[in-house]
Amino acid sequence: MCAAGRRWGRRQRALLWAVLLAAWEAAWGQLRYSVPEEMPKGSFVGDVAKDLGLQLPEIRDRGVRVVSQGSEQYFVLHGKTGHLVTAERIDREQLCESEQQCVLRCELIVEGEMKFYRIEVEITDINDNAPSFKDIELEERISETTSPGSRFPLPDAHDPDSGRNSLQSYELSGDEHFSLAVQAGPGGDQRPELVLAKALDREEAAFHELVLRATDGGDPARTGTARIRVTVVDANDNAPVFSQAEYTVRVPEDMPVGSVLVTVTATDADEGLNGHVKYSFKKITEKASKILHLDSETGAITLGRSLDFEEGDSYELELQARDGGGFFDTAKVAITITDINDNTPVISLRSALREISEDAPPGTVVALLQVNDRDSGANGEVRCSLDKDIPFRLEKSYEDYYRVVTARELDREQVSEYNVTVRAADGGSPSLQSSAVLALRVLDVNDNAPVFLEERYSARLAENNAAGALVLTVRATDADWGQNARVRYRLAEGRVRGAPLSSYVSVQAETGALYALRSLDYEQLRELQLCVRAEDGGAPALSSNVSVRLQIVDENDNAPQVLYPPAAAAAAWSGVELAPRRSEAGALVAKVVAVDADAGQNAWLSYELAKATEPGLFRVGPHSGEVRTARSPLARDAARHSLVVLVRDHGRPALSATATLSVVLAESVAELLAELGSAAHEAAAPGEPAASLTRWLVLAVAAVSCLFVAFLLLLLALRLRRCHRQQLLPPDSGASRGVPVSHFVGIDGVRAFLQSYAHDVSLTADSRKSHLRFSAASCCDTLPARPPPDEPAPLLGDGDPAGALPADSASVPGNRMNIWYFDGNCFQTVKPGALERGRAAAAVSRRRLRVSLLAAAERRWSRRRRSVLPPQAARSPGAGRSGSGTDSSGGGGERRPERCGWL
């Protein structure tokens with residue numbers, strides 16, 4: 001009974017300790033999870049929000065984040081789900097190479113509450129690595145006199161996995177002379193040995209091929225193999241022997257690179273090749289092989305890379321000494337690294353306030369710190385402290401975490417800003433120290449508006465700036481603190497060239513930096529006026545404005561543009577300048593005209609002669625661009641000259657353009673044409689005859705000459721025809737003395753028409769203002785008239801003026817009457833209706849024509865003299881009226897009317 005009670009009491013105590021441990025972990029926020037290695041990024045680790053009782057809105061609002069120890073961040077907190085997930089793929093063998101249990105630690109920081117929770121994540125192993133040998137080809141040399149049962153150590157296989165996934169067994173295959181034996185090492189590792197099962201005979205077989213296979217315990221299992229070649233050699237009396245079975249050495253971690261850590265020695269009593277000993281690593285970790293180097297001849301182990309106690313505090317090696325006959329010996333080397341105080345304490349600011357209200361109560365948490373030292377022992381013990389005479393104190397939270405809290409109430413009127421210095425010192429000798437400064441502002445109410453440092457700002461910006469270029473920075477200060485002193489900048493609304501001001505420039509809200517949003521062009525915009533407003537973060541907000549003047553500075557970004565001579569092909573002689581051979585020195589030949597879109601010095605142009613066929617014959621005005629003769633042309637000077645004029649502005653760097661002038665020295669058109677033909681011949685492609693071009697030029701000159709002669713003959717013919725018409729007019733009668741004959745030509749023309757067949761009739765009254773028109777009744781039934789023949793019959797004849805149209809003339813088939821009249825600008829033609837419609841309509845038309853003709857003649861000459869109209873006018877048939885010009889004396893020649901259209 002008593003024994004049972006004692007067992008029950010022990011169970012109660014164990015249960016109580018478990019409950020207390022869980023409560024303690026919960027109180028301190030200890031969480032532990034496990035996750036397999038090689039999981040992809042974003043894999044689930046644990047539900048932190050559920051385990052800590054945090055709501056998802058609190059995670060976003062309070063600024064919850066995960067901080068890992070060290071520089072690598074292996075885990076992050078998913079903001080939407082509250083789950084702890086992997087930040088990257090984790091390789092257990094890389095993180096915990098020689099440790100059986102791989103645990104990663106991190107902290108969950110709640111900045112809003114100045115709290116933290118420690119999280120431990122165990123990385124479990126998976127069978128992702130197969131056993132492997134350092135050398136997959138091994139060679140053993142065994143004497144034929146070796147007795148059966150002898151053992152020869154074989155190299156170990158290495159498997160970075162742990163537990164059942166690590167190396168489990170070895171197998172040997174290939175020959176009946178050998179077998180495999182596995183021995184357990186001091187650390188529980190397996191060491192394979194080659195056992196000679198049957199005596200060797202070199203004459204029977206000089207070589208033996210074996211295969212050594214290593215297998216792990218994973219599911220499925222992974223294997224690694226190595227091939228062993230055993231060479232049977234002659235008798236060898238002695239094997240090498242190390243001076244010590246195990247070498248032990250202690251070295252500080254600050255030993256210089258290249259130093260000899262230890263030298264091993266093995267001796268062999270044989271002579272010659274059998275007595276020559278070489279050293280090699282039989283067993284060494286991959287990490288140690290990168291740090292330690294072995295001299296195969298001397299056995300010296302040197303330091304190839306700096307040691308670090310924090311990365312590895314000891315290394316165990318196994319060396320092998322082998323002579324030329326294949327005999328060997330092994331020895332162990334244990335290297336221990338001693339720690340020195342080479343790491344200063346590191347203060348990590350996990351969470352901190354930058355601003356605190358002056359009415360904050362005592363005990364308010366200002367900052368959360370983590371202090372650690374990578375050294376061990378006394379070198380890793382850290383003490384923290386604060387400066388005196390400040391209203392703050394330091395409290396230890398958990399292990400290496402500390403909190404900075406207020407010790408009393410703050411008064412902004414006395415101190416408006418604190419720089420709290422946290423110092424950490426380790427226990428080494430000499431002691432190493434580090435410090436961190438916390439800047440803390442005391443906030444007050446918003447009673448001050450922002451004030452700009454300058455009353456107005458001005459800046460100069462070169463044109464063609466890059467989009468986003470910094471123009472200037474405006475700055476305003478606020479005497480308040482915290483949110484009340486937080487100044488933000490923005491542009492006042494405005495428009496520039498019809499576009500919003502915000503499309504030209506922008507201001508960075510936090511810094512006041514003014515940026516140009518587009519490339520500005522001085523030729524379009526030379527100055528920009530804007531207003532920047534600074535506004536604090538108080539409630540209500542206070543603001544102030546400042547004017548900014550931005551001047552655009554011109555750059556030499558436009559090359560001179562040549563207006564004359566225009567650009568042309570090199571082989572073309574269009575725009576050839578002609579210079580007489582008798583020109584004097586200084587005679588103007590041509591002028592190069594160029595402009596530059598820039599301004600100021602960048603637009604100043606200068607001209608110079610860059611190239612010339614005859615350099616001394618022409619010169620160019622440096623400022624005017626005028627091309628003048630430098631001397632009088634000589635007979636030996638070529639007829640054609642090509643001048644290249646260089647136009648350069650005065651910008652930095654200067655831009656330039658060239659103009660090519662073609663100048664021909666000639667005295668006549670024939671000489672000019674000959675030179676042009678010669679130039680065209682020279683510009684022709686090689687092998688292509690230029691005779692056709694010369695032939696066309698000659699034909700063009702001949703055609704122009706023929707056209708000129710034809711024009712003269714036409715003028716002469718017109719003059720003769722005019723004189724012939726003047727001779728056809730009747731002489732002046734007494735009744736119409738003083739009246740020009742040309743004013744009565746129309747009446748006689750009507751009579752001539754009535755006595756002829758299908759003739760055109762022209763009547764004129766020489767009236768400049770009055771117009772003779774036919775009514776619609778007399779012209780509505782006319783047909784379109786055909787053009788007059790090239791040689792019309794004379795309008796006036798020598799017949800009786802009193803003759804009339806025969807009665808049956810209208811009924812003759814094919815008779816047409818075209819009647820002309822002058823409307824002040826040109827002659828128009830009308831056609832009366834067909835005579836077949838009746839004589840009555842024709843009589844009405846004739847009466848109207850006579851009345852209109854008499855009225856026009858009376859208006860024209862009533863101002864000069866009175867006269868009696870000839871009786872033939874009353875009997876004339878209806879006709880149109882056309883104008884003709886007269887000379888200054890009232891008589892003279894008559895201008896032939898021009899036919900210009902149909903009515």
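Tutor: A residue is called buried when its relative accessible area is under 20%. With that cut-off in mind, we may turn to the rings of this predicted model. The structure holds five aromatic pairs. One of them joins Phe392 and Tyr418 in an edge-to-face arrangement, with 5.4 Å from centre to centre and 85° between the planes. This pair links distant parts of the chain, for Phe392 belongs to strand β30 (residues 392–398) and Tyr418 to strand β32 (residues 417–426), 26 residues apart. Phe392 is buried because its relative accessible area is 6%, and Tyr418, at 13%, is buried as well.

Another pair is formed by Phe452 and Tyr489; it is tilted, its centres 6.4 Å apart and its planes at 50°. Phe452 lies in strand β34 (residues 451–452) and Tyr489 in strand β38 (residues 488–491), so this pair ties together parts that are 37 residues apart in sequence. Phe452 has a relative accessible area of 11% and is therefore buried. Tyr489 likewise counts as buried, with a relative accessibility of 6%.

In the case of Tyr504, the charged end of Arg518 sits over the ring, 4.1 Å from its centre.

Technical notes: Residues numbered from 1 in each chain as written. Predicted model: local features only at pLDDT ≥ 70, side-chain atom pairs only at ≥ 80, totals over all residues. Heavy atoms only, no water. Phe/Tyr/Trp six-rings, centres within 6.5 Å; stacked < 30°, edge-to-face > 60°. Helix = DSSP H or I, 4+ residues; strand = E, 2+ residues; numbered from the N terminus. Buried < 20%, exposed > 50% of the residue type's maximum accessible area, 1.4 Å probe, protein only. Lys NZ or Arg CZ within 6 Å of the ring centre and 35° of its normal.
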